[in-house]
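Work through the following exercises with the sequence and the model at hand. Try each task before reading its solution.

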Amino acid sequence: IVARIGVDQYGLLSLALAILGILVTISMMGFNQGIVRYIAYYKGKEDYSKIKGTIVFALKITLSISLVLGILVFLFSEDIAIKIFQNSNLAQILKIIIFALPLTVLSTILIGVIEGFQKVKYEVLSKNVGENIVKISLTLILIFLGYNLLGAVIAYVIASLVTLILTLYFVQKKIFPFLSKKIIALDVKKELIKYSWPLTLTGVIMLVIAWTDTIMLGLFKSSYDVGIYNASLPTAQILYIVPYALSILFLPVLTELFAKKEMSTFRSTYKTTTKWIFMTNIILLALFVMFPDKILSLLFGSNYIEG
């Protein structure tokens with residue numbers, strides 16, 4: 001939708017989302033992966049006190065980091081926009097979108113809880129359905145009212161809040177009532193930090209893979225170039241859909257099987273998942289290689305064919 005407002009505007013949004021993505025990854029400190037592992041593991045052991053301890057500790061740490069980073073970006077948004085990216089229009093976008101940082105961090109941890117319990121339908125309802133319905137409908141309404149790019153950014157923040165509310169509701173009411181005082185939280189700081197902190201390195205590597213291209217284009221080229229590139233990038237990332245969908249269940253299922261020492265089932269699950277990922281992606285890859293111009297034109301408009 002934003003891409004059809006204009007290539008420059010879409011480039012600005014892409015830059016803002018890149019900065020937000022970097023801050024989300026830093027705030028997570030690997031806990032989003034650690035929480036899936038330990039909840040699935042303690043679920044296999046039926047140790048609910050440690051499950052609560054894992055959730056509470058991860059939420060406290062990631063929220064604290066995200067608030068500090070969010071305040072810093074808000075205060076120095078002008079400097080980031082002008083001195084780093086030489087684009088004063090980015091400052092206002094950053095000041096609004098940064099409110100999504102703590103919301104996204106908290107909802108991501110809660111989604112990790114959902115995945116750890118293998119209740120994927122609640123992630124789909126909150127993240128894939130709820131968030132996107134709010135994001136798309138509000139974006140269309142605000143653009144119709146004349147807010148254009150600012151409207152899309154505001155819609156993004158509100159959609160992030162809706163996702164947090166939905167994930168919190170599903171976790172508390174449908175999966176595991178971690179806010180209940182009936183369950184005593186046991187200290188799992190050492191285990192969770194020991195497992196999660198090396199994943200911070202993985203997170204840094206993923207930052208390089210995911211955002212360096214967009215950030216570097218923003219530093220050395222125009223927002224127009226960023227916009228063109230970020231039409232091609234998410235289109236190519238459609239290849240991630242099947243691996244992501246399968247991996248949501250893949251990790252917690254394997255962890256639970258490992259805890260129960262069911263290694264033959266562990267091996268067969270691994271082989272089956274890998275086979276399905278390869279078979280579906282080879283078909284999608286062939287379509288992208290053969291019809292790139294038609295796909296970009298259909299999704300983003302004729303202005304993006306050069307991508």
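Helices are DSSP runs of H or I with at least four residues, numbered from the N terminus. The model used here is a predicted one.

**Exercise 1. A threonine in a helix**

Task: Find the helix that holds Thr273, decide whether Thr273 is buried or exposed, and list what Thr273 touches.

Solution:
- Step 1. Thr273 is part of helix H12, which covers residues 263–290.
- Step 2. Buried means a relative accessible area under 20%. The relative accessibility of Thr273 is 12%, so Thr273 counts as buried.
- Step 3. The side chain of Thr273 reaches the backbone oxygen of Thr269 at 2.8 Å.
- Step 4. With neighbours within four places in sequence left aside, Thr273 contacts Leu246 and Phe250.

**Exercise 2. A serine in a helix**

Task: Which backbone oxygens does the side chain of Ser126 reach, and which residues does Ser126 touch?

Solution:
- Step 1. Ser126 sits in helix H7.
- Step 2. The relative accessible area of Ser126 is 0%, so Ser126 is buried.
- Step 3. One backbone oxygen reached by the side chain of Ser126 is that of Tyr122, at 2.8 Å. Another is that of Glu123, at 3.3 Å.
- Step 4. Not counting residues up to four places away in sequence, Ser126 touches Glu131, Thr163, Leu166, Thr167 and Phe170.

**Exercise 3. The buried side of H5**

Task: Which residues of helix H5 are buried, and what do the buried residues of H5 pack against?

Solution:
- Step 1. Helix H5 spans residues 89–97, and its buried residues are Leu90, Ala91, Ile93, Leu94 and Ile97.
- Step 2. These residues cover an arc of only 170° around the axis, so they lie on the same side of H5.
- Step 3. The packing partners of the buried residues of H5 are helix H1 (7–28), helix H4 (77–84), helix H6 (100–116) and helix H8 (148–175).
- Step 4. Take Ile93 of H5 as an example. Ile93 is buried, with a relative accessible area of 3%. Leaving aside neighbours within four places in sequence, Ile93 contacts Ala16, Leu149, Leu150 and Val153.
- Step 5. Ile93 and Leu15 are 78 residues apart along the chain, and their C-alpha atoms are separated by 9.6 Å.

**Exercise 4. H4 and its surroundings**

Task: Name the buried residues of H4, then say where they lie around the axis of H4.

Solution:
- Step 1. The buried residues of H4 are Ser77, Ile80 and Ala81.
- Step 2. Viewed down the axis of H4, they fall within an arc of 90°, and therefore line one face of the helix.
- Step 3. H1, helix H3 (48–75) and H5 are what the buried residues of H4 pack against.
- Step 4. Lys83 also lies in H4. Exposed means a relative accessible area over 50%. Lys83 has 63%, so Lys83 is exposed.
- Step 5. Lys83 and Ile55 are 28 residues apart along the chain, with 39 Å between their C-alpha atoms.

**Exercise 5. Positive phi angles**

Task: For Met29, Gln118 and Gln86, give the value of phi and the place in the chain.

Solution:
- Step 1. Most residues other than glycine have a negative phi.
- Step 2. Met29 has a positive phi, near 55°. Met29 is in the loop between H1 and helix H2 (31–45). The relative accessibility of Met29 is 32%, so Met29 counts as partly exposed.
- Step 3. Gln118 has a positive phi, near 60°. Gln118 is in the loop between H6 and helix H7 (120–144). At 24% relative accessibility, Gln118 counts as partly exposed.
- Step 4. Gln86 follows H4 and has a positive phi, near 50°.

**Exercise 6. Two crossing helices**

Task: At what angle do the axes of H10 and H13 cross, and which residues meet?

Solution:
- Step 1. Helix H10 covers residues 223–236 and helix H13 covers residues 292–300; their axes come within 11 Å and cross at roughly 105°.
- Step 2. Angles of 65 to 115 degrees count as roughly perpendicular. H10 and H13 are therefore roughly perpendicular to each other.
- Step 3. On the H10 side, the residues in contact are Asn230, Ala231, Ser232, Pro234 and Thr235; on the H13 side, they are Ile295, Leu296, Leu299 and Phe300.
- Step 4. Sorted by class, the contact of H10 with H13 has six nonpolar, three polar and no charged residues.

How values were computed:
Residues numbered from 1 in each chain as written. Predicted model: local features only at pLDDT ≥ 70, side-chain atom pairs only at ≥ 80, totals over all residues. Heavy atoms only, no water. Axes fitted to C-alpha atoms, helices over the stretch in contact; angles between N-to-C directions. Parallel < 35°, antiparallel > 145°, perpendicular 65-115°, else oblique. Contact = heavy atoms within 4.5 Å. Nonpolar A, V, L, I, M, F, W, Y, C, P; charged D, E, K, R; others polar. Buried < 20%, exposed > 50% of the residue type's maximum accessible area, 1.4 Å probe, protein only. Arc of directions from axis to C-beta. Polar contact = N/O pair within 3.5 Å; in protein donor to acceptor, adjacent residues only side chain to side chain.
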